[in-house]
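The sequence and coordinates are shown first.

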Amino acid sequence: MTEATRVPSPQDDPELRKAQEARLEKVWETPSGLRYWSAVNNSEVGLWYTATALFFFLFAGVLGLMIRTQLAVPGNDFLSATFYNQVFTLHGTAMMFLFAVPIFEAVAIIILPEMLGARDLPFPRLSAFGYWSFLLGGVFVCGSIFFNAAPDGGWFMYPPLTTDEKQTGIGADVWLLGLSFIEVASIAAAVELIVGTLKCRPPGMRINLMPLYAWYVLVVAGMILFAFPPLIAGDILFELERMFDWPFFDPKRGGDPLLWQHLFWIFGHPEVYIVFLPAIALLAMIVPTFAQRPILGYSWIVLAAVGTGFLSFGLWVHHMFTTGLPAISLAFFSAASEAVAIPTGVQIFVFLATLLAGRVVYSVPMLFAIGALGIFVFGGLTGVMVALAPFDWQAHDTYFVVAHLHYTLVGGMFFPLMAGLYYFYPFAMDRKLSDKLGKWGFWLMFVGFNVTFLPMHITGLRGMPRRVFTYAEGLGFDTLNMVSTVGAFTFAAGVLVVTWDVLRPKGKEPYAKRNPWNAGTLEWLSESPGKDWGVRTVPVVTTRYPLWQQPNFVRDYDEGRFYLPDAEEGKRETLITSVLDARPIQCLRVPGNTFMTMGAAFLTGGAFIAATFYQWTLTIGFSIAALISILIWLWRGTAVIPEKKEKDVGLGLKLPLYVSGPDSVGWWAMFITMIGDMSAFASLIFGYFFYWTIHASAFPPAAGAGPGQFWPAVALVLTLASWGAMLLARRANAAERPGGLRFWLTGSAVLAVAGGAALLWGPHATGLDPTSHVYPATVWVIAIWTAVHLGVGVVMTLYCLARSIGAKLTAEHDIDVHNVLLYWHFAMVTMAVTVAVLALFPLAVR
Amino acid sequence: MIASTRANLITLITAPTIWAIHFLVCYLSASVNCAKALTDARVFTGADWPDVTGARIAIAIATLAALAAIAWSSRQAWGHWADGDAEPPYDDATFDDRQQFLGFATILLCGLSFIGVIFVALPAVFIGDCR
């Protein structure tokens, strides 16, 4: 960007630059003392998120060592059978839900904004809310084991074992509610990251110039939107059965435990790729740096990321090969499971080709990267084996599968993460980790891992089932298990070395030099020691590796010669750009530090925790308090009316400070959230049709059963009217008629309340008893889902009404009404589908 | 958005979306066919396994439609890719680079989806009943 340096610019004045830097520092300053915990900036929240996820990893690792200790010798009594069940369940649960997925969000929150030259993600408070939710939920789930109350049904919680309250105690509720709460936080993070990737790129960074990491984040966050909601839907059914005896998984009353398996694995298999792809994304940044050349086959990586993202949704039944589904059904999933090896392999070859074409600099991150590729390829090959149904029938639920999944997850996720840890540590913490300790850590882990899990393939083929707490002597398992245990402790020693390397005091060591690996992407612009402002100025990007390919880039950046070099008004700001071409469209004011998000998260968590103990009054109290706290947060921190219309963002560009509708990030967030919401709803509808397929005539029952057609039809008409009123409200607002706006908002709310009531009245009036059979239970759950959505819509509508009265919603400043109307479009679709399924489908099949 | 002279993120994912829909049609038609035929627990009576002819016909039609749609998408993407002055690896900050990059990535995804559709349809060629 020499152009900026040729033209005389105000940035030529060093005094001005100093003043700008002082202002920026003040605006973005990290609070000190207790107020430190009110921070919402990505660098703090991302750091807490990462540290917490790594802590849960260590916790779950100790559980893993307890498993290996118990299994070291036959007939061991180190752990009792029941406690062993809790230990292995919590090991899997914590590794997957509290480490593997959250660490993706954590790392992305730290590095993505600066990789995109943004000061922060568009919704920093949402990230903070997600973090506090994750912390509370994680501590709750993990803490249960200290009270002998941990979940003990395996990390995928199969009913009927887990719906039987005599066999499983409160642990199952802890699992369901604790994790549902965390899943909500994951979806929040996904929304944040999608909007961040699409709308917060620096000017000029067209979609073909986006760092590969951002491509992966986009794909993975999109996958979360379609993978997590089915599990939330499953959790709802599951908890309704445990708490209120609604028989979704009880075959005696028409239910079917297989539905849980479907919903769990529709989530669970994509989840494997949700943890794998972001880790591979780290390699996609590390490999070019250490090959000292641009990645070879950028488009092929995009193919691999997007292709894997899609194909991974066609694999879920390969976890259910032994459930007795027809061979033809199994074969579809087998075929897709083989097909997914194609894009997965493409990535590996791209990395190898890049390394071959470059001059490789050997270093600790590269060591972990190469170890990762080796282990992952091995796990991938056994994956191709178990994807073949006949082989899987032999290996299912044996230690062969345990070995396979650890090879894929440790090779595909843990080792790349360690590579990322060594690579990004100087970026986040200003100092390098030790090369020597890193090498020790790597070799201990690499050898220990293989010694642990390679023999398990044979243990499994010899017939040792997973999840047994002990085994008899002389079955051919003894030596193999002892070897695995020795390997596990070796692996743990490596983890300890790295943990020490991370935690040891480094105050006396010099700061790492800036861009210590000589990388080419924007995050390495960060100074050492780092500044709170994130980026000095939002750069103009015209290449894929600006630090390598744009002349004078770092100097221009340091001298603030790009956009937003200043914070004149004392506000936190970043640029919003267009999706494909990254044309600047808005200067976004992002909200600052607050304790409100922590409060909202703890109140929401309180509601989930109280529900675990069936404390209904407390649950309702917490829910109301959480709702109020979220409303206060929104009222004070969102759609803030700026003091002026436009702002000069530098380089002669003026941008609006307030935009609404599809131009605004809030609208995108609503849209993306509702996509996730629709996939949860689709999962419930899937449940309805699933029950229809397995019943000859009882689902839906013969004529005369509820909810009938009349009340659903009334509900549909009222909801249509409510939706229409919302449309008129927005129109009235645009025409500067606040009276009309308020009239139609009120009308919409009243009609929606009536619509929701009519929908619930149908099953009630026709006497559907949800505990009697799965049909009434399913009708009720879908009706309640839709009614609750109307209820949420009413709250939003009334919120708009209050904003209008408080002069925060006007014809010019109309973010709220646009976003709420968008919500209503989705609510309308939900209602239409509900009525079609509950009222019309029974007519069609009779 | 799907049919467009300008490549975008929707044109990019058209082919894998078609793959996903085709996958669902295959799975749902076969499993509904078999579930409905097996609800009388034929498996315990020793009678013949019910066949899946209905589902196979549906899958054949869906497969042809999906392959045709993917071919159409790749033809459109070919247009995006071929029409421009940018050079691989399309890493300049121009409209042509962006357009040709998206076109090329779309063609790759079309290829993967095409193979994927054939993979997923093959079971219906070899398996004729609900065993």
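**Dimensions, contacts and helix packing**

Chain B has a radius of gyration of 20 Å, whereas a compact globule of 131 residues would have one near 14 Å; the radius is taken over C-alpha atoms, and the globule rule is 2.2 Å times the number of residues to the power 0.38. This is a predicted model, in which local features need pLDDT of at least 70 and side-chain atom pairs count only at pLDDT 80 or more, while totals for chains, interfaces and linings use all residues. Residues are numbered from 1 along each chain as its sequence is written, and chains are lettered from A and ligands numbered from 1 in the order in which they are written.

Along the principal axes, the C-alpha atoms of chain B fill a box of roughly 70 × 25 × 20 Å. Chain B contains three helices and zero strands, in the order α-α-α from the N terminus on. Helices (H or I, at least four residues) and strands (E, at least two) are DSSP runs, numbered from the N terminus. Of the 131 residues in chain B, 46% are buried. A residue is buried if 20 or more other C-beta atoms lie within 10 Å of its own, exposed if 12 or fewer, and partly exposed in between, with C-beta atoms placed from the backbone. Among contacts in chain B between residues at least 6 apart in sequence, 70% join residues at least 24 apart; two residues are in contact if their C-beta atoms, placed from the backbone, lie within 7 Å.

B:S74 lies in helix α2 (residues 53-82) of chain B. Why does B:S74 count as buried? B:S74 is buried because 22 other C-beta atoms lie within 10 Å. Not counting residues up to four places away in sequence, B:S74 touches B:A15, B:I107 and B:C110. The C-alpha atoms of B:S74 and B:C110 are separated by 5.8 Å, although the two are 36 residues apart along the chain.

The contact between the chains takes 41 residues from chain B and 37 residues from chain A. On the side of chain B that touches chain A, α1 (9-38) and α3 (95-126) each supply at least two residues. The largest share of that side, 16 residues, comes from α3(B). The residues of this side divide into 31 nonpolar, four polar and six charged. Here Ala, Val, Leu, Ile, Met, Phe, Trp, Tyr, Cys and Pro count as nonpolar, Asp, Glu, Lys and Arg as charged, and the others, Gly among them, as polar.

Attention now turns to chain A. The axes of helix α3 (residues 42-71) and helix α16 (residues 478-503) of chain A come within 9 Å and cross at roughly 155 degrees. Axes are lines fitted to C-alpha atoms, for helices over the stretch in contact, and angles run from 0 to 180 degrees between N-to-C directions. The crossing angle makes α3(A) roughly antiparallel to α16(A); angles under 35 degrees count as roughly parallel, over 145 as roughly antiparallel, 65 to 115 as roughly perpendicular and the rest as oblique. By class, this contact has seven nonpolar, seven polar and one charged residues.

Helix α7 (residues 212-244) and helix α21 (residues 665-694) of chain A have axes that come within 8 Å and cross at roughly 50 degrees. Therefore α7(A) is oblique to α21(A). The contact of α7(A) with α21(A) has eleven nonpolar, four polar and no charged residues.
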